[in-house]
Amino acid sequence: ADPGATVAQAFAAAEAAGIICFASAGNSGNPKGKGDSVGYPAKYPSVIAVAATDASDARASFSSTGADVELAAPGVNIPSTTMDGGVQATGGGWNGTSMACPHAAGVAALALAAGVLDGNGNGRVNDDLRTLLQATALDLGVAGRDPLFGFGLVQAPAAATPSNFAPTVSIVAPAPGTAVPNGTPVTFTGLA
């Protein structure tokens, strides 16, 4: 259930401050992938909702679905650490969108570490990063954004490659008849 306006405002404030938020879409999906079952806080527009895929890049049958799903990541049979600080024994892993969400956040961290984004786009690295993750995702399911995979499966190599962030050039023309001095700066904005 929606935890209320206070929580929604907290996530909106975080996003406005330039923080990128990821959340598990939820494990309330059904095998046919029908209906809107994305949970909170993933349902908030200020949060990236991450669905789960299996080793074949198919939607995990439990993964929540709906218009708020934005990205997908591996979430079936994922080895992880245990509550006591150990590592899960070999031969299996955990399932859930809670296993998928860290993959998406990790891809975002890789893109930032690679220096793909510098914040000079629109002044908000989180918005540029969100756009980059959407643009570099591997489209799964029906073409375009869909309620099962969102924009698709996160792709670490594509997102962390500087050439995939193509700035556009924005030049403000002077008034007619006005000379432009040499060395006039050119500004770069946004994703191409």
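**Backbone geometry, fold and nonpolar cores**

With a relative accessibility of 32%, D57 counts as partly exposed, because this value falls between the limits of 20% for buried and 50% for exposed residues. The structure described here is a predicted model. D57 is situated in the loop that links β2 and β3. Its phi angle is near 65°, a positive value in a residue that is not glycine.

N77 belongs to the loop between β3 and α2. With a relative accessible area of 45%, N77 is likewise partly exposed, because 45% also lies between the limits of 20% and 50%. Most residues other than glycine have a negative phi, and most peptide bonds are trans. The peptide bond joining Y40 and P41 is cis, with omega at about 10°. P41 is located in the loop between β1 (21-24) and β2.

The overall arrangement of the chain was examined next. The chain contains 4 helices and 5 strands. Read from the N terminus, these elements follow the order α-β-β-β-α-α-α-β-β. Contacts between residues at least 6 apart in sequence were also considered; of these, 61% connect residues at least 24 apart. The chain has 192 residues, 34% of which are buried. Its accessible surface amounts to about 10,100 Å², and carbon and sulfur atoms account for 60% of that area.

The largest nonpolar core comprises 22 residues. Within this core, the residues that touch the most other members are F22, V50, L71, L129, L132, L133 and V154. Two or more residues are contributed by each of the strands β2 (47-53) and β3 (69-74) and by each of the helices α2 (97-113) and α3 (125-136). The largest share, 6 residues, is supplied by α2.

When neighbours within four places in sequence are left aside, V154 is in contact with L71, A72, A73, A104 and V107.

How values were computed: Residues numbered from 1 in each chain as written. Predicted model: local features only at pLDDT ≥ 70, side-chain atom pairs only at ≥ 80, totals over all residues. Heavy atoms only, no water. Core = buried A, V, L, I, M, F, W, Y, C linked by side-chain atoms within 4.5 Å. Buried < 20%, exposed > 50% of the residue type's maximum accessible area, 1.4 Å probe, protein only. Contact = heavy atoms within 4.5 Å. Areas by Shrake-Rupley, 256 points an atom, 1.4 Å probe, with all protein chains shown as cover.
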